[in-house]
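Please look over the sequence and the fold before reading on.

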Amino acid sequence: MSSDLYREQLLDHYHNPENFGVLDNADVDIEMDNPTCGDMIHLTARLDSAGRVAEVMFEGQGCVISMASASMFTEHVKGKTVQEIAAMSLTEIEQMMGGVKLSMGRVKCALLPLNAMKQGLKESGGAR
Ligand code: ZN
């Protein structure tokens, strides 16, 4: 894909995010912000009995990169185990976002949903 198409895909997620909202009775419920950019995310997720992500939703506000990453992330992590999420890196996030190479200033934006999820899983004690 050309970089224009990446950009279009990101803007599309930004304007029409997937899984936007808050889950009731969530196992993971965390808010995190990225003060360097002003991005905020509230992430909620439910795990199934096998410790896999069954449902995940987010709400928040921020730049195109952070919100597009959050939208794509909620689709990307469905069915993944806590261990798989703990092992996810920036490279996987960049691939998830269509192969973008993020500049230093944008890395924190793109990693916000992943970092929130990792922290939220830690606080929830991982799999039930
Ligand atoms: Zn940002």
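Buried here means under 20% relative accessible area and exposed over 50%, with partly exposed in between, using a 1.4 Å probe and protein chains only. This is a predicted model, in which local features need pLDDT of at least 70 and side-chain atom pairs count only at pLDDT 80 or more, while totals for chains, interfaces and linings use all residues. Residues are numbered from 1 along each chain as its sequence is written, and side-chain values use heavy atoms, with hydrogens and water left out.

**Helix α1**
- Helices (H or I, at least four residues) and strands (E, at least two) are DSSP runs, numbered from the N terminus.
- The buried residues of α1 are Y6, L10 and H13, and they cover an arc of only 60° around the axis (taken from the directions from the helix axis to the C-beta atoms), which puts them on the same side of α1.
- These buried residues pack against α2, whereas the face turned away from them carries the exposed residues D4, R7, E8 and H15.

- C63, in the loop between β3 and α2, and C109, in helix α5, are 46 residues apart, and both are buried.

**Nonpolar core**
- A nonpolar core is a set of buried Ala, Val, Leu, Ile, Met, Phe, Trp, Tyr and Cys residues joined through side-chain atoms within 4.5 Å.
- The largest such core has 36 residues, and L43, I65, F73, I85, I93, M97 and M117 touch the most other members.
- Helix α5 gives the largest share of this core, 9 residues.

Definitions and conventions:
Contact = heavy atoms within 4.5 Å.
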